[in-house]
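Subject: Handover of a structure and the findings on it

Dear colleague,

Please find below the structure that I am passing on to you. A summary of the findings follows it.

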Amino acid sequence: MSAAELDRAVTLLVRQVGHWQQPRWSATAEGGNVSRADLVHKLVQEIANLAADAAGEPRREVPRLPSDLALPDQLRVVAADLTLAAPPEPVLAGAVDAVTRTRAAL
């Protein structure tokens, strides 16, 4: 896996959800019991944790902003942080897999 593949996976997810309004974010994710917004925020936190680990920094909680419409931007930021940390390929592969699974559940 490469940083380009992570960027592609994130871009596909952002294209899928970037135009959503609040009612779509509030709907339950497919096959789950959490909202779509909760699912994407969980992904954002997972990617942020991977970036912190790769950079040798402490993990920090990603804030849940008042508007779920900011989630695609948060995802872009933490994915860029992960890429900048230059993690090993298995970490990137795990991140791509997490993004792909989340996208399928939306």
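Helices (H or I, at least four residues) and strands (E, at least two) are DSSP runs, numbered from the N terminus. The model is a predicted one, in which local features need pLDDT of at least 70 and side-chain atom pairs count only at pLDDT 80 or more, while totals for chains, interfaces and linings use all residues. Residues are numbered from 1 along each chain as its sequence is written, and side-chain values use heavy atoms, with hydrogens and water left out.

Overall form

The chain contains 5 helices and 0 strands, and from the N terminus its elements follow the order α-α-α-α-α. Its C-alpha trace spans about 35 × 25 × 20 Å along the principal axes. The radius of gyration is 13 Å, which agrees with the value near 13 Å for a compact globule of 106 residues; this quantity is taken over C-alpha atoms, and the globule rule is 2.2 Å times the number of residues to the power 0.38. Contact means heavy atoms within 4.5 Å. Of the contacts in the chain between residues at least 6 apart in sequence, 71% join residues at least 24 apart.

Buried residues account for 41% of the 106 residues in the chain, where buried means under 20% relative accessible area, exposed over 50%, and partly exposed in between (1.4 Å probe, protein chains only). In soluble globular proteins, nonpolar side chains tend to be buried together. A nonpolar core is a set of buried Ala, Val, Leu, Ile, Met, Phe, Trp, Tyr and Cys residues joined through side-chain atoms within 4.5 Å. The largest such core has 30 residues, of which Leu6, Ile47, Leu75 and Val99 touch the most other members. Helix H1 (3–17), H3, H4 and helix H5 (89–105) each supply at least two residues of this core, and H3 gives the most, with 8 residues. Leaving out residues up to four places away in sequence, Leu6 touches Ala79, Leu82, Thr83, Leu92, Ala95, Val96 and Val99.

The largest pocket

A pocket is an open set of points on a 1 Å grid over the protein atoms alone, where a 1.4 Å probe fits, with protein on both sides within 12 Å along at least five of seven lines; lining residues have an atom within 4 Å of a point. The largest pocket holds about 260 Å³ of space. It is lined by 13 residues, and Ala48, Ala51, Arg60, Val78 and Asp81 are the closest to its centre. Helix H3 (36–55) and helix H4 (71–84) each supply at least two residues of the lining.

Individual residues

Two residues of helix H3 deserve a mention: Asn49 and Gln45. Asn49 is buried, because its relative accessible area is 16%. Gln45 also counts as buried, at 17% relative accessibility. Not counting residues up to four places away in sequence, Asn49 is in contact with Arg59 and Arg60, while Gln45 touches Arg60, Glu61 and Val62.

Arg64 sits in the loop between H3 and H4 and, at 37% relative accessibility, is partly exposed. With residues up to four places away in sequence set aside, Arg64 touches Ala37, Asp38 and His41. The C-alpha atoms of Arg64 and Asp38 are separated by 9.2 Å, although these residues are 26 apart along the chain.

Ala86 lies in the loop between H4 and H5. Ala86 has a positive phi of about 50° although it is not a glycine, and it is exposed, at 61% relative accessibility.

Yours sincerely

Key:
Grid points are joined across faces, edges and corners, and a volume is the space filled by probe spheres set on the points.
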